Amino acid sequence: MMPFRHITPVEPRDASGLVTEVYSQQARDMGLSRMPALMTLSPVPELLAATWSLLRESLVAGPVSRTERELVALGVSMRNQCPFCVDAHTMLLHATGDHRLAESIARGERPADPRQAALLDGRGLDAPELVAVALTFHFINRMVSALHTPEVLPAGLARLRPVRSLAGRSLAGAARRVAPPGDSLRLLPVRPEAPAWAGDSPAGTAYAALVELAGRPLGPWCEAVRAEVAAWDGAHPGLAGPALSEEQGPRFRLAALAALAPYRIGERDVAAAGLDDAELVRVLAFGAITAVRRQESLLPGIRL
C-alpha cells in the first residue's frame, strides 16, 4: 500500500532544481535520504523549501537542547493527534540518547522533570527556536495528517519498543550534531521580515517566508477560512458546524479541514475539488498556515 494519500510526491531519485537542493541538505542535516513528512510538500517546490528551512532552523540548527526541541515537537504532535509525527519524534527523542524519557512518554507517563513536562505541554518556550518548533509542527502535522497514512514504519513496527530504540540509535549521529544556523535561508524564494518573538534567530526568517508563501490568497473562499479559524480557540478537535458545510465550495472545505481537523479529509473531499497535486498542496497549506497563525496568537508571552 502506498503511504501517501491523494498525491504522488517527488522521490529523491526523480528530484531536480530546488527540490534536489532541499533533499540534499535534509539528508546531510537530518541523516535521512528520504523524509515523507517533507515529501508531502514536494509538488510545490517553494513551499517545500520554506517548510524545510523552518524545520531545520527550529529543530536542528544552533545550540538549543535537541532533547527540549524534540519534546516540543512530540507534544504538539500528540495534541494534534498525528500518529506519524508522534512515532517519528519518539524515535528522534531516542536519537538524542534520552531513551528512558522517550519510553516513559510512549507509555503515557509525564516527564518527572518539571521543565520537560512543561515543554511537552507547550509551555516554557523561552527560546525562539522552541517557539518555532511548536509552530513548525502545527504546520507539518496538518500536512502529514492530510497527505500521508498514519504509519511511520510499515505494519505498526514503530509501536514496538526495540524498533523505536534501534531506529533512534541509527539517527544518533545526526541528532547529536549541531547544524550551523542559517544555512537553509539561501533556499528561500522570499525573505520577509521576521516576527518580533524570533529575535535574530534564522528560524524567524524561515517562518515568515512560510507564512507569506502558504498564506497567499487562492480565491474568495480564503476569507471564509480565515474567519472560521479566527473564531477557533485552539482546542482539539476543532471542527464543527459551518466548517463542515459545503456551501462555500470544496476548496473552502478542504482548507478548513486542513486547518482544524486534517485527519477527516477523505477521497470524496479531494475528488470534489478536482485539483492537481500542486493545487491540492497549496489549498491544504493555506488552511494549515491559517491555523498556525492562530496558534501563534494563542502562545503565552508572544509579541506578534
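Residues are numbered from 1 along each chain as its sequence is written. In this predicted model, local features need pLDDT of at least 70, side-chain atom pairs count only at pLDDT 80 or more, totals for chains, interfaces and linings use all residues, and side-chain values use heavy atoms, with hydrogens and water left out.

## The chain

The protein chain has 15 helices and zero strands. Both are DSSP runs, numbered from the N terminus: helices are H or I with at least four residues, strands are E with at least two. Of the 304 residues, 58% are buried. Buried means under 20% relative accessible area, exposed means over 50%, and partly exposed lies in between (1.4 Å probe, protein chains only). The accessible surface comes to about 12,500 Å², by the Shrake-Rupley method with a 1.4 Å probe. Carbon and sulfur atoms hold 55% of that surface.

Contact means heavy atoms within 4.5 Å. Among contacts with a separation of 6 or more, 71% join residues 24 or more positions apart.

## An enclosed helix

Helix α13 covers residues 250-260. Nine of its eleven residues are buried, so α13 is largely enclosed by the rest of the structure. Among the buried ones are F252, R253 and L254. Their cover includes α8, α12, α14 (267-273) and α15.

## The second largest pocket

A pocket is found on a 1 Å grid over the protein atoms alone: it is an open set of points where a 1.4 Å probe fits, with protein on both sides within 12 Å along at least five of seven lines, and its lining residues have an atom within 4 Å of a point. The second largest pocket holds about 290 Å³ of space. Its lining has 20 residues, and R79, N80, H138, G234 and Q295 are the closest to its centre. Elements that give two or more residues to this lining are α4 (66-79), α8 (128-147) and α15 (277-298). The largest share, five residues, comes from α8.

Q295 sits in helix α15. It counts as buried, at 11% relative accessibility. Leaving out residues up to four places away in sequence, Q295 touches L135, H138, R142, W232 and G234.

## Two aromatic pairs

The whole structure contains two aromatic pairs. Rings of Phe, Tyr and Trp (its six-membered ring) pair if their centres lie within 6.5 Å; planes under 30 degrees apart count as stacked, over 60 as edge-to-face and the rest as tilted.

| Pair | Centre to centre | Angle of planes | Type |
|---|---|---|---|
| W197 and Y207 | 5.6 Å | 55° | tilted |
| W221 and F286 | 5.8 Å | 80° | edge-to-face |

W197 lies in the loop between α10 (172-175) and α11 (202-214), and Y207 lies in α11, so this pair ties together parts ten residues apart in sequence. Both W197 and Y207 are buried.

The other pair links distant parts of the chain: W221 in α12 (residues 221-230) and F286 in α15 are 65 residues apart. W221 is buried at 9% relative accessible area. F286 is buried at 1%.

Phi of H6 is near 75°, a positive value in a residue other than glycine. H6 is in the segment before α1 (17-30) and counts as buried, at 18% relative accessibility. Phi of Q81 is near 55°, again positive in a residue other than glycine. Q81 is in the loop between α4 and α5 (83-95). At 46% relative accessibility, Q81 counts as partly exposed.

Notes
Grid points are joined across faces, edges and corners, and a volume is the space filled by probe spheres set on the points.
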